[in-house]
Amino acid sequence: MKPMNEKHFAILRRHMVETIGIHSDLMADELGKAALDERVLAAMLKVPRHLFVPAPLAHVAYEDAPLPIGFNKTISQPFITALMTDLLAPEPHETVLEIGTGLGYHAALLAELVDRVYSVEIVEEFANEAELRLRQLGYHAVEIRVGDGSRGWAEHAPYDKILVTAAANEPPPALLRQLKQGGRMVLPMGGDEAQVLTVVHKDADGGVRVREFIPVRFTRLETVI
Ligand code: SAH
């Protein structure tokens, strides 16, 4: 059998976006709307997800399922990635901090949507791989650092938006500090078994409001003492 070519991947990518459309329509009650942001869907249609998964899994990259990327970690199912990006409400002029780069797929999506992306990854091998893939595809707006993302990246703070792609019991205090007033953070919040996709708003006076969406399951945000 021949390997898949770019034309095949483009068709599967369209199917992925259509599946996300069905998924969000079915969850209209939980989400408070029936469709995700058009800009987010356009970015999902563009970013070659098959180049951000381990090569042997390229043929299943566009299925609406999480995929293993090594070191006991997974990348999220496309619907959840799309939903998190939608909840982040990224604007073109903004700077976003991502915690948990993985192989860089979500960082590439963000780079399609905002001006500047900083991403922190605790596993050096992932950071190196992500860096390589993003460079090869021309995503120069993304900068990656190896470290414990629960401490954020103070040098470039404050951020308009913060996306955390691993689960935490509460919003890490350093990240709240590095978020702009009026900014928002999206994270899976809760213990090992069950988490809720949560949006944390930091008000103009520095107060915090929390809005919970749907149940999710993520690997944990590891903290280094
Ligand atoms: N955002 C990626 C998915 C990453 S999976 C994508 O959508 O493609 C979650 C990632 O968080 C893993 O790569 C894991 O190594 C990383 N991680 C876990 N704890 C972390 C921490 N404290 N700081 C930075 N990264 C962390």
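Let's start with aspartate 148, which is buried at 10% relative accessibility; buried means under 20% relative accessible area, exposed over 50%, and partly exposed in between, using a 1.4 Å probe and protein chains only. Its salt-bridge partner is arginine 151, with the closest N and O atoms 3.8 Å apart. Arginine 151 is exposed, at 52%. By salt bridge I mean a side-chain nitrogen of Lys or Arg within 4 Å of a carboxyl oxygen of Asp or Glu.

A quick word on the model: it is predicted, so local features need pLDDT of at least 70 and side-chain atom pairs pLDDT 80 or more, while totals for chains, interfaces and linings use all residues. Residues are numbered from 1 along each chain as its sequence is written, and side-chain values use heavy atoms, leaving out hydrogens and water.

How many salt bridges are there by this rule? The count comes to 11. Another one joins lysine 73 and glutamate 222, with the closest N and O atoms 2.5 Å apart. Lysine 73 sits in strand E2 and glutamate 222 in the segment after strand E9, so the pair ties together parts 149 residues apart in sequence. Strands here are DSSP runs of at least two residues (E), and helices of at least four (H or I), numbered from the N terminus. Lysine 73 is buried, at 17%, whereas glutamate 222 is partly exposed, at 36%.

Now to helix H5, residues 105-113: eight of its nine residues are buried, so this helix is largely enclosed by the rest of the structure. Among those buried residues are Tyr105, His106 and Leu113.
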